[in-house]
Amino acid sequence: MTRNIDEAFKEATEFIDIITKPVGSVSLEERQNIATETVENFRDYINKGFLEYRKSVTEAGEFAVTEWMGQGSILKDALDREYIDILGGFGLYSYGIRHPRIVEAVKAQLDRSPQYSQEMLDPLRAKLARIIAKLTPGDIQYGFFANSGTEAVEGAMKLAKFYTGKKGFISMLKGFHGKTLGSLSLMGKTDYRAPLLPLLEGMRHVPFGDLEAVEHELKYAAAVGDDIAAVVAEPIQGEAGAIVPPDEFWPGLREVCDKYEVLLIADEVQTGFGRTGKIFGVDHWDVAPDIMCFGKALGGGVVPMSGFFSTPKFWEVMEPNPFMHTTTTGGNPLACASALAAITVMHEENLPAQAAQKGEYVKARLAELSERHPGILKEVTGKGLLIGMHFMDDEIGYHVASGLFARGVITAGTLTNARCIRFEPALNIPMELLDEALNRMEDVFKSLPVS
C-alpha cells in the first residue's frame with residue numbers, strides 16, 4: 001500500500017457522507033458497493049483469515065452479508081436482508097440492539113460531554129460505582145472501569161497480586177477470560193495459549209467444577225512455597241459451552257479460598273446483569289466473591305464498558321497511590337450513561353426473570369427437537385439465556401449454523417469449531433421471535449441426512 005494522504009481524506013469524507021444520510025436514503029447501488037468493498041477491506045486491511053470463517057461471506061451468495069443496522073433482536077444487512085439474532089454478540093446485546101432508553105441516555109450525555117477532562121471529578125462514574133456496589137453480593141464496594149472484559153480481568157489479577165504479594169493463580173480448564181497476556185495466562189484452552197508461551201508464571205489449571213482438584217492444588221502449592229494469590233472462575237463457563245458446575249462448587253470455592261487465605265475472583269463478564277436468570281451468576285449459589293469482573297452487557301450494548309470491583313479490605317492497597325492502575329477512556333461519560341440506563345432497563349423489564357423463563361422454554365423446545373430428530377443434538381446445557389447446544393460433531397454443528405444463517409438466523413460456529421453453539425439472544429427477545437428461530441432450527445434439523 002502506497003501512502004496517499006489526499007485519497008485517505010477523500011474516502012473518509014465520502015463514507016461519512018453516506019453514514020450521516022437519513023435512514024433509508026442510501027441507494028441500493030451504494031449499499032451494494034459497500035458490501036463488495038467491505039470484503040476487500042477485510043482481506044487487504046484487517047485479516048483475510050476472517051473471511052474463511054464468516055458465514056456472512058461463505059454462505060451469502062453474490063453479496064456478502066454486511067452489517068448495516070439493527071433493532072431489538074433483528075439485524076439488517078446492507079441489502080435489507082433480515083436476520084433474527086440469537087447470538088446476541090456473545091452476551092453484549094442482553095438488552096437488545098439499540099434499546100431506545102439506552103440510546104436516549106447516551107445521546108443526551110453526548111450533548112453534554114463525551115469524555116472527561118482527567119482532572120475534574122466525573123459524576124457519572126461515581127454514581128455508577130455506587131449503584132454497582134448496591135447491586136453486588138457481600139461487601140463488594142470499590143471498583144475501576146475499563147473498556148473490555150479482558151481489561152477487567154487484568155485489573156482483577158493485578159489487584160490480587162498487589163494485595164497478597166503472591167504471583168500464582170488457579171483457573172479452570174476450558175475457561176475463557178480474554179486474550180491479553182495476563183488473561184490469556186488464565187485461559188484453559190491450548191489453541192490460544194500454546195503459540196505464545198511462556199506466559200505469566202505460577203498458573204495452575206484444574207477441571208471446572210472439581211472442588212477437590214482446587215483444594216489439592218492449593219495444598220500442594222502451600223507445601224512447596226508456590227504462593228497462590230487467587231482462584232479465578234466463571235460462574236458458568238461461556239466459551240466452553242454454557243457449562244454449569246455442580247451446586248456445591250461455588251459455595252465450596254468460597255470455603256476453600258478462605259481456608260487457604262487466597263482471594264476468590266468471579267469472572268462475570270458474560271454471566272453478569274441478568275444473563276443466567278439472576279443479576280449475577282454467583283447469585284445462583286448465594287456466594288460473595290472477593291473480586292468481580294464485569295463487561296459485555298454492562299455497557300448496554302451501546303458503548304463498550306467493563307470493570308472490576310472488590311471489597312474495602314482488598315481495595316485499600318489501591319488508595320495510597322490511586323495512579324497504580326489507570327486508563328484514559330475507561331468509565332467515560334458516554335459509557336457510564338449507557339450502563340446506568342441499561343441497569344434501569346434491567347430492573348424495569350425484569351430481565352433476569354425473563355432470562356430464566358425463556359431459558360427454560362428454549363431448553364424444553366430443544367429437548368423436543370432432539371427427540372423428534374435424533375442423532376443431531378447430544379445435550380443442552382446452561383442457565384437462563386446462556387444456553388449451549390452440543391452437537392454430535394463439528395460437522396453437524398456447522399451445518400446447523402450455516403443452515404440457520406441461510407434461513408435468516410444469526411448464530412456462531414465455524415468449520416473447525418461448531419460442536420457447541422451458544423443460544424444467547426437478547427433477554428427481552430419477543431416470544432414470537434424465539435419461536436420463529438426454533439421453527440427455523442427444526443427446518444434445518446429436517447434437512448440433515450442424520451435426521
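**Figure 1. Packing of helices α6 and α14 in the predicted model**. Helix α6 (residues 100-110) packs against helix α14 (residues 333-348) at an angle of about 155°, and their axes lie 8 Å apart. Angles over 145 degrees count as roughly antiparallel, and α6 and α14 are therefore roughly antiparallel to each other. The crossing of α6 past α14 is right-handed. From α6, Arg101, Ile102, Ala105, Val106, Gln109 and Leu110 take part in the contact, meeting residues of α14 that include Pro333, Leu334, Ala337, Ala341 and Val345. Sorted by class, this contact of α6 with α14 comprises ten nonpolar, three polar and two charged residues.

**Figure 2. The salt bridge between Asp80 and Arg31**. The side chains of these two residues meet with an N to O distance of 3.2 Å. Asp80 belongs to the loop between β2 (74-77) and β3 (82-85), whereas Arg31 lies in helix α2 (residues 28-47); the pair, 49 residues apart, thus links distant parts of the chain. Asp80 is partly exposed, with a relative accessible area of 46%, while Arg31 counts as buried at 11%.

**Figure 3. The salt bridge between Asp44 and Arg43**. The closest N and O atoms of the pair are 2.9 Å apart. Asp44 is partly exposed at 43% relative accessibility, and Arg43 is partly exposed at 40%.

**Figure 4. The salt bridge between Glu360 and Lys363**. In this pair, 3.6 Å separates the closest N and O atoms. Because Glu360 and Lys363 are three residues apart in helix α15 (residues 351-372), about one helical turn separates them.

**Figure 5. A salt-bridge network**. The whole structure contains 21 salt bridges.

Terms used: Residues numbered from 1 in each chain as written. Predicted model: local features only at pLDDT ≥ 70, side-chain atom pairs only at ≥ 80, totals over all residues. Heavy atoms only, no water. Axes fitted to C-alpha atoms, helices over the stretch in contact; angles between N-to-C directions. Helix = DSSP H or I, 4+ residues; strand = E, 2+ residues; numbered from the N terminus. Parallel < 35°, antiparallel > 145°, perpendicular 65-115°, else oblique. Left-handed = near helix turned anticlockwise from the far one by under 90°. Contact = heavy atoms within 4.5 Å. Nonpolar A, V, L, I, M, F, W, Y, C, P; charged D, E, K, R; others polar. Salt bridge = Lys/Arg side-chain N within 4 Å of Asp/Glu carboxyl O. Buried < 20%, exposed > 50% of the residue type's maximum accessible area, 1.4 Å probe, protein only.
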